[in-house]
Amino acid sequence: MTDSQNVEIRAESAPAPAAPPRIFARLARRPLLWLGLLGLLLWLPGILSLPPLDRDESRFAQSSRQMLESGDLVDIRLGQVPRYKKPIGIYWLQAASTAAFGAGDDRHIWTYRLPSLFGAIAAARATVWCAAALLDAEAALLAGLLMLSSVLLAAEATIATTDAVLLAFALVVQGVLLRVYRAAREAQAPRPSTRLILLGWAAAGAGALVKFPLVPGVAIATVLGLIAWDRRTDWLSGIKPVQGFFLALLVSMPWMIAITIQSHGQFLEQSLGNDFAAKLAGGQESHGLPPGFYLAFAAVTFFPAILFVLPGIAVGIARRGEPGVRFLLAWAGVWWLVVEAVPTKLPHYILPAYPPLAILAALFITSAPSSATWLRGWLTAARWVAALQFVAGAGLLVAALVFAPRLYGPGDVWWLAAAGGAGACLALAALVLALRRAFAWAVLVSLLAMLVFVPAVTAGMGPRLSRLWITARLTPLVLADSKPGDPPPALAGYQEPSMIFALGKDVVLTDGRGAADAGARGGGLALVEDAEQGAFLARLAELQADARAVDAVRGFDYSRGKQVHVTLYRVARLMDLH
């Protein structure tokens, strides 16, 4: 397509932007303040209410806790073994937040979740900053609100894992790349300063310390997409590759060298050779799914922004001649293809594709109706498909509030059902506003719906799903049944990381025979899942040792997708018997 054709499409598809309501102008003056406040309202109830989750959250939190206790800021350990799957960055942040906010008590999971909370707020603010490279302040704020209110970001903001923090670093890198690319393609676009470009490289180095492949991976995928599209690489000289690369190394390499020496090379072997390579080769840890997974679940993971995403993509394709829009399409499209192609599928892998889609959605919301007949037809179809996706997403959230307590909790909870109804009414109002082309107001009303849905799910429903919280039910029983002088409990069968976080790093992780041996040797408690009970009792008989069941818990282990029954035994030491 020639430049003159691109100019013609731009003239047809975007004659004049539609101004959002005045409230957006006031909010856009202090985007960090309002995004921060909304983030706290959305996510803090769940952060304070949900018990430790399995498996990644409890692994990260326990490893950060052990780092805080040991004072070793280089090595990473989970229980008695090294944990070399991810770099050090998130452990530093979680240990620091617990030291700062835990008041000397490192047992509370919420202190380990604070980096995710702040990272998600930073990611929403960085979305506004990226959008500001090609949209006005009000439209950029709309993009940030769409990103902030998404279900997937809410999930990542609420748990103590890496992905909200990673997204913030990735968006700094992408925002710099976007500005460099526009400056090279548009004569009137401002050129980013050297300081800003180097800030992007520093963010890349910091992102590598949190999870190595992702932040540089998103940037590389975007660059390759643009090179394939433009068949030009001249703009890359503007990113100052030599200076920037050495700055990224300066940020990331000191710890990399230290852990390589301390672990005798095991960190690189396990993190890159085992963990990362296994995800590329096949579905790791039972998470292998076919392509199309992320597309199928976008209706709920990107709710409520999904109401505007397809129309935003349509407008973006129509305006693909604009360098900034082309950058967004390459960013979202190539990353989406990458994660759909990788055999291991986890919901958060798609998260870096959502900010550019949120910006395209804001572009659609603030664009005047097109005068091009062909584009109007595509937009009409896209709006109706998006409306169906929006209804599906709202329906799944309402269904969770109504049916999850029946399946995994106390049964019907009327006020949760009422919250689902209130959220559904607000979602319906947002849909009606969108169909009537009051798009900016639809964003605000959908945000109100999320202010109902998210706390209701995370703080209202989540803690009441007692059948899922096996560790939370076992822990008080262990404390009640323990006696002074007991050794750490032995865990046979049910060994979820939340148990280590609840009971401490010295718990004995073993099988049924090992639990019998540990109990006969030192006495104390053994927590034995039914699958290991036969071996446990048989070994006790061989040792002529005695044990009695004192408590039991039955529930659904969502990490393994199976029902479990765990019995607490008090085992008498052999010397006490003889």
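How many aromatic pairs does the structure hold? The structure, a predicted model, holds 19 aromatic pairs. The points below start with these and then turn to charges, backbone and surface.

1. Aromatic pair between α6 and α22. Tyr-112 and Phe-501 pair edge-to-face, with 5.7 Å centre to centre and 85° between the planes. Tyr-112 belongs to helix α6 (residues 109–131) and Phe-501 to helix α22 (residues 497–503), so this contact ties together parts that are 389 residues apart in sequence. Tyr-112 has a relative accessible area of 0% and is buried; Phe-501 is buried too, with 3%.

2. Aromatic pair within α16. The ring centres of Phe-327 and Trp-331 are 6.1 Å apart and the planes stand at 75°; pairs over 60 degrees count as edge-to-face, so this one is edge-to-face. Both residues lie in helix α16 (residues 323–341), four residues apart, which separates them by about one helical turn. In an α-helix there are 3.6 residues a turn, so residues three or four places apart point the same way. Phe-327 is buried at 0% relative accessibility, and Trp-331 is buried at 1%.

3. Aromatic cluster. Phe-327 and Trp-331 are also members of a cluster, linked by ring pairs, that includes Tyr-181 and Trp-235.

4. Arg-77 is partly exposed, with 32% relative accessibility, whereas Asp-75 is buried at 11%. Another joins Asp-105 and Arg-107, at 2.9 Å from N to O. Here Asp-105 is buried at 18% relative accessibility, because buried means under 20%. Arg-107, at 55%, counts as exposed.

5. Arg-570 forms a salt bridge with Asp-486, and the closest N and O atoms are 2.6 Å apart. Arg-570 sits in strand β7 (residues 562–571), while Asp-486 sits in the loop between α21 (470–481) and β3 (490–492), so the bridge ties together parts that are 84 residues apart in sequence. Arg-570 is buried, with a relative accessible area of 12%; Asp-486 is partly exposed at 25%.

6. Salt-bridge network. Through shared partners, salt bridges join Arg-55, Glu-496, Glu-529, Asp-557, Arg-560 and Lys-562 into one network. Arg-55 also has a backbone feature: a cis peptide bond joins Asp-54 and Arg-55, with omega about 0°. Arg-55 is placed in the loop between α3 and α4 (56–70).

7. Phe-303 and Pro-304 are joined by a cis peptide bond with omega of about 5°. Pro-304 is found in the loop between α14 (293–301) and α15 (306–318). Most residues other than glycine have a negative phi, and most peptide bonds are trans.

8. Positive phi outside glycine. Arg-231 is not a glycine, yet has a positive phi of about 60°. Arg-231 lies in the loop between α11 (214–230) and α12 (241–262) and is exposed at 73% relative accessibility. His-264, also not a glycine, has a positive phi near 55°. The loop that holds His-264 runs between α12 and α13 (266–281), and His-264 is exposed, with a relative accessible area of 72%.

9. Helix α23 and its end. In helix α23 (residues 512–522), the buried residues are Gly-512, Gly-514, Ala-515, Ala-516, Ala-518, Gly-519 and Ala-520. Just after α23 comes Gly-523, with a positive phi of about 75°.

10. Surface patches. Which residues form the positive surface patch? They are Arg-22, Arg-26, Arg-29 and Arg-30. Arg-26 lies in helix α2 (residues 22–28) and is partly exposed, with a relative accessible area of 49%. A nonpolar surface patch of about 370 Å² is made by Leu-33, Trp-34, Leu-37 and Leu-41. Trp-34 is in helix α3 (residues 31–49) and is partly exposed at 34%.

Conventions:
Residues are numbered from 1 along each chain as its sequence is written. This is a predicted model: local features need pLDDT of at least 70, side-chain atom pairs count only at pLDDT 80 or more; totals for chains, interfaces and linings use all residues. Side-chain values use heavy atoms; hydrogens and water are left out. Patches are made of residues with over 30% relative accessible area and no salt bridge: like charges are joined within 9 Å, nonpolar side chains (Val, Leu, Ile, Met, Phe, Trp, Tyr) within 5 Å. Accessible areas come from the Shrake-Rupley method with a 1.4 Å probe; for residues, only the protein chains shown count as cover. A salt bridge is a side-chain nitrogen of Lys or Arg within 4 Å of a carboxyl oxygen of Asp or Glu. Lys and Arg count as positive and Asp and Glu as negative; His and the chain ends are not counted. The place of a charge is taken as NZ of Lys, CZ of Arg, CG of Asp or CD of Glu. Helices (H or I, at least four residues) and strands (E, at least two) are DSSP runs, numbered from the N terminus. Buried means under 20% relative accessible area, exposed over 50%, partly exposed in between (1.4 Å probe, protein chains only). Rings of Phe, Tyr and Trp (its six-membered ring) pair if their centres lie within 6.5 Å; planes under 30 degrees apart count as stacked, over 60 as edge-to-face and the rest as tilted.
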